[in-house]
Amino acid sequence: MTDAPTVGESRCGLVALVGRPNVGKSTLLNRLVGQKISIVTPRPQTTRHTVNGVLSVAGAQVVFIDTPGLHEGGKQAINRYMNRAAAGALADADIIVVVVEARKLTEEDEAVFARVATAEAPVGLVINKVDRVREKVQLLPFIDALRQRGEFAFILPVSAETGEGCELLEQELIARMPVGEQLYPEDQVTNRSMRFIASELVREKLMTRLRDEIPYGITVEIERYDEGDSRTDIGAIIWVDRDSHKGIVIGKGGTMLRDVGSAARQELIRMLDRPVTLKLWVKVREGWADDENALHRFGYE
Ligand code: GDP
C-alpha cells in the first residue's frame, strides 16, 4: 500500500478493470462512478471500447479503464483492436483489478489470471455478484481456491448490483493511488463524449433485444448530434454486416426499431435531463468487423 499523503497532497492513478466477459465489469464501473457510462447487457463481449470512468473524492481521483475482454480466439480486425486496447490498459495501470463471479471459475478466468501474472502493477481481486450467495460462509472455499491463483493485493466480495462491498473497494483503491495531480475536473465522470454514450446506448438496447449472432455484427454510428436551445437532436445509423440482418433489426412493420429507439430515447432524456429526438436508420456494410477502414470510421481506434 502507498504511504498516506501529506496535507494538501492529491492522489490520482489508473485502475484497469479486467475479467472474462459477463462477470459484471461495466456494472461495477457504473456503480463506482455513480453514473451509467458503460453499457450493460446480459450478453458477453458487449464492451468494445476502453472507457475511462472517473471517481473523484476529496483529494483523490481514481480513473478506471474498463477494458474490452481479453480475447484469445477471434481473428478479425475487431478482435485485434480489442486485444490492443486491453494490453494498453494493463501496461498503464497503477493497479489491476480482476473481477470474477462468485463461485464460478471458468477457463476464461484462468486465462485472465495468467495474463495479469506478468503485469508489473499489483493485482486486486473482486468477487462480484455475491448477492446471489445467500450464506456468505459458502464463499470461504471459493476464496481459498482463488488464493492459489496469484498474489493479490486484496480480495473483496462485492455486488455491483446492490452496491454491497463497493465502498470498501473504493477505499482500497483510493489508498493505492500514487501521489499526483488530478487528471480530470471533479465533476467529470468520463472522458467519453455524450455522443459516444448515445451510440453505446442504442447498441445496448439492440443487444438486449436481438437473438443469436446478430448483435455482434452491429455497430452504431452517430451521424448527427445537435444541442438545440430546447432539445437535443440525435441521428444514428445502425450498421449491420449482412443484408439479411437488416430486416430483423427493423422488425415486423418497424416494431423492433421503434422499440429500440424509444428505449434509448427514454434513457437519454433521463441522462441529459432535457427533451431528445432520436432518429435511427439501418444500413448494411458487409464485413465491417474485419475492415480496418470501417473500424476507423466507426470509432475503433
Ligand atoms: P461485463 O461483460 O463484465 O462488463 O459484464 P456486465 O456489467 O455487462 O454484466 C453482465 C451481466 O451480469 C448483466 O446482466 C448484469 O446485470 C449482471 N450483473 C452484474 N453485476 C451483478 C451483480 O452484482 N449481481 C448480479 N446478480 N448480477 C450482476
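User: How do the axes of α6 and α8 cross?
Analyst: The axes of helix α6 (residues 194–209) and helix α8 (residues 255–272) come within 9 Å and cross at roughly 140°. That makes α6 oblique to α8, since angles under 35 degrees count as roughly parallel, over 145 as roughly antiparallel, 65 to 115 as roughly perpendicular and the rest as oblique. This is a predicted model, in which local features need pLDDT of at least 70, side-chain atom pairs count only at pLDDT 80 or more, and totals for chains, interfaces and linings use all residues. Residues are numbered from 1 along each chain as its sequence is written, and side-chain values use heavy atoms, without hydrogens and water.

User: Is the crossing of α6 and α8 left-handed or right-handed?
Analyst: The crossing of α6 and α8 is right-handed. By class, their contact (heavy atoms within 4.5 Å) has 13 nonpolar, no polar and 5 charged residues.

User: Which residues meet there?
Analyst: Among them are Ile197, Leu201 and Lys205 in α6, and Val260, Ala264 and Glu267 in α8.

User: Changing topic, is Val112 buried or exposed?
Analyst: Val112, in helix α3 (residues 107–117), counts as buried because its relative accessibility is 4%; buried means under 20% relative accessible area, exposed over 50%, and partly exposed in between, with a 1.4 Å probe and protein chains only. The C-alpha atoms of Val112 and Val18 are separated by 7.6 Å, although the two residues are 94 apart along the chain.

User: And where does Thr232 lie?
Analyst: Thr232 lies in strand β8 (residues 232–240) and is buried, with a relative accessible area of 0%. Leaving aside neighbours within four places in sequence, Thr232 has contacts including Tyr225, Leu272 and Pro275.

Note on methods:
Axes fitted to C-alpha atoms, helices over the stretch in contact; angles between N-to-C directions. Helix = DSSP H or I, 4+ residues; strand = E, 2+ residues; numbered from the N terminus. Left-handed = near helix turned anticlockwise from the far one by under 90°. Nonpolar A, V, L, I, M, F, W, Y, C, P; charged D, E, K, R; others polar.
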